[in-house]
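Thanks for coming. Please have a look at it first.

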Amino acid sequence: MAGITSSGFTKKTLPEIIQSMNDKHVARYGTAWSTDTNNPMYNSMLIFAEEAYDLWNGLQQTYDARFPKSAEAASLDNVCDMVDVQRISATKSTASVEFTGTVGTTIPVNTALKVSGTETRFFTKAAQTLLATQFSDINLSITSVVDSTVYSVTVGGTVVSITSAVSATANSILVQLLAALAAVTSCTCSMPTSTTLRINVTEINSVLPIVVGARIGINTVSDIVVAEAEFEGVVKAPANTLNALLVPIIGISSVNNLASAVEGRLEETDEELRIRRYDSVGIIGAATESAIIANVKNLDGVTAAFVIANRTFVTD
C-alpha cells in the first residue's frame with residue numbers, strides 16, 4: 001500500500017501508477033489501454049503518469065524533510081533549528097598584517113597581498129591610515145638637540161620624560177629615553193642605530209596609543225590591518241609569509257603577518273550537521289557526560305571532545 005503507513009512512507013513507482021491508471025480505465029470503460037505508441041491517448045496517459053510520479057517524489061521529499069537522517073539542505077536546517085542548532089557558515093581565513101611606512105599613508109580597502117612562494121592572495125577588509133597617535137611598532141629620532149630640555153614620549157598612557165644633559169647629542173638623548181622606557185612593560189625598546197629609537201608593542205598584533213613630544217620625529221610607524229583570504233575555506237598563511245604587496249603603495253616600506261592566519265572553513269556539510277545535532281540533544285541534560293561533550297563541541301574552533309569520568313570516591 002502506497003502512502004503513509006505504519007512503517008513510514010511508501011512511494012508509488014511509475015509502473016505502479018501506470019498500472020493503477022490502466023485498472024481504473026478498465027473499471028470505467030471495460031477495456032484496457034491501447035499500448036500502441038502511435039496512439040495519442042496512450043501517450044497522453046504516459047505524460048499524466050509521469051506527472052503523478054513527480055508528485056509522489058514531492059511527497060517523499062516532504063516526508064523525508066521531517067527527519068534529521070533524511071532531510072537535506074534547507075530542510076535539514078529547519079529540522080536542526082528546532083533544537084537551536086544552526087549550520088556553520090563558510091568563512092574566509094583572516095590575517096592581521098603589520099603595515100610599516102610614513103605617517104599619513106593610507107592603505108586602501110582591498111589592498112592585495114600574496115603569501116610568499118604561493119599564488120594565495122589576501123585582501124585588506126577596510127581602508128586604514130598610518131597615524132602619529134597609534135602604533136604597533138615605531139621608529140623615532142631627535143629632530144632638534146637642545147641642552148637641559150625636557151624630551152617626552154607618552155606610550156599607552158604612561159608618560160616617559162627625560163631632561164637632556166649639558167652638551168647633549170641626539171644619541172645621548174635617545175639613550176636617556178631608552179633607559180626611561182624600561183618602565184613601560186608593554187613594549188620592547190631598542191636603538192637600531194646610534195640616532196634612532198625603536199618602540200615595539202610586545203603583544204603580537206596589538207597597538208597602543210602614543211604621543212610624541214616636541215623635538216622628536218617619527219621616521220616610520222607600523223599599524224595592524226586585517227586582511228582576509230580571497231576564497232572561503234582553509235587557506236593557510238603561516239607567520240612571516242604574508243609579506244608581499246601585489247601593487248606597491250607609496251609610503252609603505254614593508255608588510256608582514258607576525259602570526260599565522262586564522263583559518264577559515266567551508267560550509268558545514270549535511271552529514272557534519274546531522275552529527276552535531278545528534279550530539280547537541282544531550283545539552284538538555286546539563287550535568288551529563290553527553291551534555292558536557294555537546295556543549296564543548298558547540299564552542300568555536302572545537303572539532304572533537306571526550307569526557308573521562310571518575311565514578312569512584314577516590315581522586316584520580
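Start at Ala112, whose bridge partner in strand S6 is Phe123. Before I go on, this is a predicted model, in which local features need pLDDT of at least 70, side-chain atom pairs count only at pLDDT 80 or more, and totals for chains, interfaces and linings use all residues. Residues are numbered from 1 along each chain as its sequence is written, and side-chain values use heavy atoms, with hydrogens and water left out.

Ala112 belongs to strand S5, residues 112–115, which is joined to S6, residues 121–124, by three bridges in the antiparallel sense. Two strands count as paired if DSSP finds at least two bridges between them. Helices (H or I, at least four residues) and strands (E, at least two) are DSSP runs, numbered from the N terminus. The S5–S6 hairpin has five residues between its strands, and Gly117 takes a positive phi near 80 degrees there.

S5 also pairs with strand S16, residues 242–245, again antiparallel and over three bridges. In that pairing Val115 has Leu242 of S16 as its bridge partner.

Next, a sheet. Four strands form an open sheet in the order S8-S14-S10-S11, with antiparallel pairing. S8 (134–135) and S11 (158–163) are the edge strands with a single partner each, so one side of each has no neighbour in the sheet. Helix H4, residues 170–180, packs on this sheet and touches S10 (150–155) and S11, and its direction makes about 145 degrees with that of S11. Contact here means heavy atoms within 4.5 Å. Axes are lines fitted to C-alpha atoms, for helices over the stretch in contact, and angles run from 0 to 180 degrees between N-to-C directions.

Now a helix pair: H3 (residues 73–81) and H5 (residues 270–280) pack at about 10 degrees, with axes 11 Å apart. H3 and H5 are therefore roughly parallel, a label given to angles under 35 degrees. Residues making the contact include Leu76 and Val79 of H3 and Leu273 and Arg277 of H5.

Finally, the whole chain. There are six helices and 17 strands. The radius of gyration is 35 Å, well over the 20 Å from the globule rule for 316 residues, so the chain is more spread out than a compact globule. That radius is taken over C-alpha atoms, and the rule is 2.2 Å times the number of residues to the power 0.38. The C-alpha trace spans about 125 × 70 × 30 Å along its principal axes.

How values were computed. Parallel < 35°, antiparallel > 145°, perpendicular 65-115°, else oblique.
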